2 protein chains.
Amino acid sequence: MNREGALKNIKVLDMGRVLAGPFCSAILGDLGADVIKLEDLKGDMARTSLPIGGYFAAFNRSKRGITLNLKSEKGKDIFLKLVKDVDVLVENFRPGVMKKLGLSYETLRDINPRLIYAAVSGYGQDGPYSQRAGLDPVAQAMSGIMSVTGFSGNDSVRCGASICDVMAGMHAVIGILAALNYRNLTGKGQMIDVSLCDAGVVAMASVNQQYLTTKSIPGKLGNGYLAYAPGGCYKAVDGEVVINGVNWEAFCKTIGREDLLCVPGYEEVSNRVKDREKIDSIINEWTSKRTVAEVVEIMNANKLVAAPVLNVEQVVNDEHIAGVRNMFTEVHLEGFGDVRITNQCIKLSATPAQVSDPPAMGQHNNDVYGALGLTAEEIEQLKVEHVI
Amino acid sequence: MNREGALKNIKVLDMGRVLAGPFCSAILGDLGADVIKLEDLKGDMARTSLPIGGYFAAFNRSKRGITLNLKSEKGKDIFLKLVKDVDVLVENFRPGVMKKLGLSYETLRDINPRLIYAAVSGYGQDGPYSQRAGLDPVAQAMSGIMSVTGFSGNDSVRCGASICDVMAGMHAVIGILAALNYRNLTGKGQMIDVSLCDAGVVAMASVNQQYLTTKSIPGKLGNGYLAYAPGGCYKAVDGEVVINGVNWEAFCKTIGREDLLCVPGYEEVSNRVKDREKIDSIINEWTSKRTVAEVVEIMNANKLVAAPVLNVEQVVNDEHIAGVRNMFTEVHLEGFGDVRITNQCIKLSATPAQVSDPPAMGQHNNDVYGALGLTAEEIEQLKVEHVI
């Protein structure tokens with residue numbers, strides 16, 4: 001636990017499962033909050049998601065872990081005691097599940113008016129789709145992201161990263177921390193409602209704007225840009241390289257094609273956009289004779305924008321990303337072993353984020369329930385009764 | 001301005017340009033912070049980005065606006081007075097630019113030790129790539145996102161939404177709000193360093209894990225999942241539909257193919273993954289005889305997961321997304337007109353986020369500089385001298 005972190009005074013009860021909820025709480029934990037992950041007796045599905053151990057650790061680092069059967073009366077009593085004691089509760093059940101358990105926000109608020117309750121769901125707490133199951137691929141489909149991803153004329157494709165899950169978790173963190181600021185001013189908690197689908201819609205803001213302003217429907221542009229050329233992804237001898245010709249004159253000189261500067265009209269970006277394919281084939285001709293590293297080096301030396309398309313192995317071994325930026329770290333999952341996972345990326349100068357170990361199922365039952373005032377015998381009895 | 005927002009006590013100086021920095025500050029503004037957008041006399045490039053007016057409004061709503069020439073001595077003096085008066089500074093210059101202006105974090109911290117200084121950049125403040133220009137497509141390339149987006153055997157493609165820009169802005173918000181909590185405890189500000197590339201790497205956490213645990217390099221899966229089948233994007237009569245067959249038995253019954261339940265081995269998900277193509281073609285046969293709406297309705301009625309691939313026009317006119325969830329809203333940009341933009345998605349019960357108007361260039365010079373103690377004549381003189 002990061003006891004010197006920026007959120008060291010904050011206690012979080014994490015009822016999240018799989019990705020968006022757990023990721024939200026993991027960020028809070030990295031930043032210093034005391035996060036208690038609550039699992040039912042079957043455990044978070046993430047514990048058996050592939051790769052086993054790694055998947056769970058990636059989104060449940062920096063937490064302690066307890067088990068609790070919320071369908072038992074004793075379990076509910078204990079839960080209400082826990083809620084009295086925490087600042088933040090995070091859940092990503094389908095809307096209505098907490099209410100069915102008798103644990104709606106309204107009920108919990110009466111017990112702890114300072115509680116900040118964050119609900120993450122596929123489509124949000126209200127509206128006609130609220131009861132539909134929402135997963136990342138569905139949110140990418142519904143938010144329009146898939147409709148603008150892929151090559152022109154081809155099938156729609158999702159972004160390979162679970163971005164709607166990730167962004168919904170991040171929006172929940174922002175809501176929680178803003179609500180904490182408000183609670184500092186007023187003493188009052190509140191409820192936060194964030195959805196995977198809405199998170200996707202927000203990520204599309206610049207693309208949505210095309211339709212909102214001009215009523216033309218954005219389509220698939222592959223790796224090109226609607227309003228700028230040249231730019232895209234090109235083929236080098238040993239891989240793909242992204243280039244953005246931010247400065248047309250410097251770009252033409254860099255690829256030894258000053259002659260393009262004499263093509264009438266090409267000084268206007270709109271004409272270059274019209275001739276995108278022609279210009280792209282000229283660029284591909286140039287890149288195809290060079291390695292990715294050569295292209296990147298030449299472009300960067302001329303203050304142009306270029307980058308290799310790295311695969312995950314290259315990212316994990318990159319001297320900048322893995323080295324200086326320290327984007328991968330190791331944690332220990334009790335009963336499983338050491339796991340290398342993706343690190344926290346928010347770098348704070350005075351209170352550095354710090355990723356600590358994920359919990360085994362119920363690893364901190366004794367600590368957490370003991371702190372609630374239960375004796376060792378009572379805790380043992382709860383285990384026998386399948387309450388924890 | 002959202003004077004009843006959760007961050008109503010917070011004042012932000014926004015030096016952001018184009019997307020990640022301005023988006024970070026816009027979120028703070030929506031949540032109630034008083035955000036002052038500072039532009040040089042040429043203005044943020046976003047003012048001329050397409051669609052004109054709309055692009056700027058989308059990422060600069062909920063702010064006031066001032067102009068200031070930081071290369072003039074008078075401009076610097078005024079800037080230091082502003083810094084004394086704010087809680088948060090946001091910038092997304094290339095690392096080193098603020099230092100060159102004589103306005104490094106260290107300098108500003110000496111003037112205002114409570115200052116929270118958030119720097120968003122392409123690759124972060126340190127490391128061998130820090131001086132490279134970082135744009136969203138480059139971050140998508142470098143973080144591995146492009147390498148897992150697209151169809152197997154095809155070219156890499158970026159996610160059509162500017163997700164690295166958006167996520168970097170969100171990580172900066174999280175860092176700022178966590179630092180505010182720490183400042184409440186200690187009185188001390190700090191610096192936050194967030195990069196587009198790191199944000200992309202974090203979004204890949206679940207994909208990275210495959211390599212981190214098994215050393216196999218994740219590739220392009222189109223719309224399929226590595227560890228589960230069936231699931232993907234299928235063709236209906238009038239469009240594409242995403243389906244996730246979360247429950248194999250219910251799924252087979254729903255598409256009238258109980259016979260598949262008798263195929264030896266198919267009860268194991270690993271065998272269905274191996275036969276993914278065969279199963280997908282059976283699903284496509286079923287969807288191809290139905291409309292998208294029919295497929296979604298049938299799947300949802302059977303508690304299976306399905307969603308249409310919506311284009312932006314459909315999203316903007318959707319009864320749930322645009323209607324109940326209110327994901328689009330209108331603002332007024334002085335000198336331009338009314339603009340419909342994407343709304344804030346974080347729903348807070350006690351202190352609802354509220355999107356307010358974006359500023360015209362220097363629209364609030366008189367207000368902001370007046371509040372610093374400058375007279376109307378002095379402000380007029382600064383205009384004459386091209387300081388503001």
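Hi everyone, let me start with a pair of helices. In chain A, the axes of H7(A) and helix H8 (residues 196-203) come within 8 Å and cross at roughly 95°. Angles from 65 to 115 degrees count as roughly perpendicular, and H7(A) and H8(A) are therefore roughly perpendicular to each other. On the H7(A) side, the contact is made by A:Ile163, A:Cys164, A:Asp165, A:Met167, A:Ala168 and A:His171. Facing them from H8(A) are A:Leu196, A:Ala199, A:Gly200 and A:Ala203. If you sort the residues of this contact by class, you get 7 nonpolar, 2 polar and 1 charged.

Before I go on, please keep in mind that this is a predicted model.

Now over to chain B. How do helix H7 (residues 163-186) and helix H8 (residues 196-203) of chain B pack? Their axes are 8 Å apart, and the angle is about 95°. H7(B) and H8(B) are therefore roughly perpendicular to each other. The residues that H7(B) brings to this contact are B:Ile163, B:Cys164, B:Asp165, B:Met167, B:Ala168 and B:His171. They meet B:Leu196, B:Ala199, B:Gly200 and B:Ala203 in H8(B). By class, that contact has 7 nonpolar, 2 polar and 1 charged residues.

Next, the place where the chains touch. Here 121 residues of chain A are in contact with 120 residues of chain B. Which element of chain A gives the largest share of the side that touches chain B? That would be helix H7 (residues 163-186) of chain A, with 16 residues. Looking at classes on that side of chain A, there are 75 nonpolar, 32 polar and 14 charged residues.

The chains also share strand pairing. Strand S12 (residues 347-348) of chain A is joined by 2 bridges to strand S6 (residues 190-195) of chain B, and these strands run antiparallel.

A:Val12 has A:Val88 as its bridge partner in S4(A).

Let's look at some strands of chain B. Strand S1 (residues 11-14) and strand S2 (residues 34-39) of chain B pair in the parallel sense, over 4 bridges. In that pairing, B:Leu13 stands opposite B:Ile36 in S2(B). How does the chain get from S1(B) to S2(B)? It crosses through helix H1 (residues 20-30) of chain B, and this β-α-β crossover is right-handed. S1(B) is also joined to strand S4 (residues 88-91) of chain B by 3 bridges, and those two run parallel. There, B:Val12 has B:Val88 in S4(B) as its bridge partner.

Back to chain A, for its domains. The domain assignment gives domain 1 (11-203 + 319-384) and domain 2 (231-309). The C-alpha centres of these domains of chain A lie 44 Å apart.

My last stop is another sheet of chain A. This one is open, with 3 strands in the order S7-S8-S9 and antiparallel pairing. Strand S7 (231-236) and strand S9 (305-308) are the edge strands, and each pairs on one side only. On average, neighbouring strands of this sheet are turned by 25° against each other, direction ignored. S7(A) pairs with strand S8 (residues 239-244) of chain A over 6 bridges, in the antiparallel sense. One of the residue pairs to look up is A:Gly232 with its bridge partner in S8(A), A:Ile243.

Two helices of chain A pack on this sheet. Helix H12 (residues 276-287) touches S7 and S8, and its direction makes about 35° with that of S7(A). Helix H13 (residues 292-301) touches S7, S8 and S9, and its direction makes about 160° with that of S9(A).

Terms used
Residues are numbered from 1 along each chain as its sequence is written. Chains are lettered from A and ligands numbered from 1 in the order in which they are written. This is a predicted model: local features need pLDDT of at least 70, side-chain atom pairs count only at pLDDT 80 or more; totals for chains, interfaces and linings use all residues. Two residues are in contact if their C-beta atoms, placed from the backbone, lie within 7 Å. Ala, Val, Leu, Ile, Met, Phe, Trp, Tyr, Cys and Pro count as nonpolar, Asp, Glu, Lys and Arg as charged, and the others, Gly among them, as polar. Two strands pair if DSSP finds at least two bridges between them. Axes are lines fitted to C-alpha atoms, for helices over the stretch in contact, and angles run from 0 to 180 degrees between N-to-C directions. Angles under 35 degrees count as roughly parallel, over 145 as roughly antiparallel, 65 to 115 as roughly perpendicular and the rest as oblique. A crossover is right-handed if, with the strands pointing away from the viewer, the path from the first strand over the helix to the second runs clockwise. Domain bounds come from an automatic or database domain assignment.
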